[in-house]
Amino acid sequence: MLEVANLSCSRGDRRLFSGVTFTVQPGGVLCVQGDNGIGKTSLLRLVCGLMSPEEGSIRWQGTDIRQWHERYVAQLIYVGHLNGLKDDLTPLENLRVSSLLAGERLPLESVGAALTAMGLDRSAHLLPTSVLSQGQKRRVALARLWSLTRPLWVLDEPFAALDAAAVDLLTRRLQAHVSAGGMVVLATHQEVDVAADCVRHLRLTG
């Protein structure tokens, strides 16, 4: 279980949010919503341990994530608002490198299967990656959800730039993940079409 209690965050001299508290149980989805610039990305980065909160705590399985950072990070997949792709690598190479950075050396077959799942089998070896459309680049980044098996997914605007077919693929993947007991924290401006009983909403208002 992920437990966040009384979290506060500032940017410069501006307080983004304070007193943010929530829990995410196995099989649960938390949708973080709010206006642009309100602090959604900062909250997700805090949850991933990429930033330290001014106040409050984040606990995973009852332990503060600062006490076992590496073990905690090994339990999550983070897909940020930026795709994090290298133009001088193919989509296949980008996905394999991101898996290595996440601590797993995956065989090429597994990486290729993940790209195929996102409809990128014809683009897997395309170089440079910069020739891909924004939607295709987003699909490459999201293919991590097919290549790695981790209980907690933290996703920043995962549906951005996706066409209807890709939205459907991602939605079905999210549903399969939570149905298997996985957890998801995501920032989004749109509704997530998964089982309503597992979805909760947190609206940041500053």
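**Asking why, in a predicted model**

Student: Which helix does His 177 lie in?
Tutor: His 177 lies in helix α7. Helices are DSSP runs of H or I with at least four residues, strands are runs of E with at least two, and both are numbered from the N terminus. The model is predicted: local features need pLDDT of at least 70, side-chain atom pairs count only at pLDDT 80 or more, and totals for chains, interfaces and linings use all residues. Residues are numbered from 1 along each chain as its sequence is written, and side-chain values use heavy atoms, leaving out hydrogens and water.

Student: Is His 177 buried or exposed, and how do you know?
Tutor: Its relative accessible area is 10%. Buried means under 20%, exposed over 50%, and partly exposed in between (1.4 Å probe, protein chains only), so His 177 counts as buried.

Student: What is His 177 in contact with, leaving aside its neighbours within four places?
Tutor: Contact means heavy atoms within 4.5 Å. By that test, His 177 touches Arg 150, Pro 151, Trp 153, Gly 182, Met 183 and Val 184. Also, its C-alpha atom is separated by 9.9 Å from that of Pro 26, 151 residues apart along the chain.

Student: Why is α5 called largely enclosed?
Tutor: Seven of the nine residues in α5 (134–142) are buried, so the rest of the structure largely encloses this helix. The buried ones are Gly 135, Lys 137, Arg 138, Arg 139, Val 140, Ala 141 and Leu 142. Their cover includes α3, α4 (108–117), α6 (144–147), α7 (164–179), β6 and β7 (152–156).

Student: What makes β3 and β9 a pair?
Tutor: Two strands pair if DSSP finds at least two bridges between them. β3 (29–33) and β9 share five, in the parallel sense, so they pass.

Student: Which order do the strands take in the open sheet of five?
Tutor: The order is β6-β7-β8-β3-β9, with parallel pairing. β6 and β9 (199–203) each pair on one side only, which makes them the edge strands. Helix α1 (40–47) packs on this sheet, touching β3, β6, β7, β8 (183–187) and β9, and its direction makes about 155° with that of β7. Such angles run from 0 to 180 degrees between N-to-C directions, with axes fitted to C-alpha atoms, for helices over the stretch in contact.

Student: How many bridges join β4 to β5?
Tutor: Two bridges join β4 (55–60) to β5, and the strands run antiparallel. The definition asks for at least two, so this counts as a pair. In β5, Asp 64 is the bridge partner of Arg 59. β1 (2–11) and β2 have seven bridges, also in the antiparallel sense. In their hairpin, with two residues between the strands, Gly 12 takes a positive phi near 65°.

Student: What makes a space a pocket, and what lines the largest one?
Tutor: On a 1 Å grid over the protein atoms alone, a pocket is an open set of points with protein on both sides within 12 Å along at least five of seven lines, whereas in a cavity a 1.4 Å probe fits but cannot get out; lining residues have an atom within 4 Å of a point. The largest pocket has 25 of them, and Tyr 78, Ser 98, Leu 101, Ala 102 and Arg 144 lie nearest its centre. Helix α3 supplies five, the largest share.
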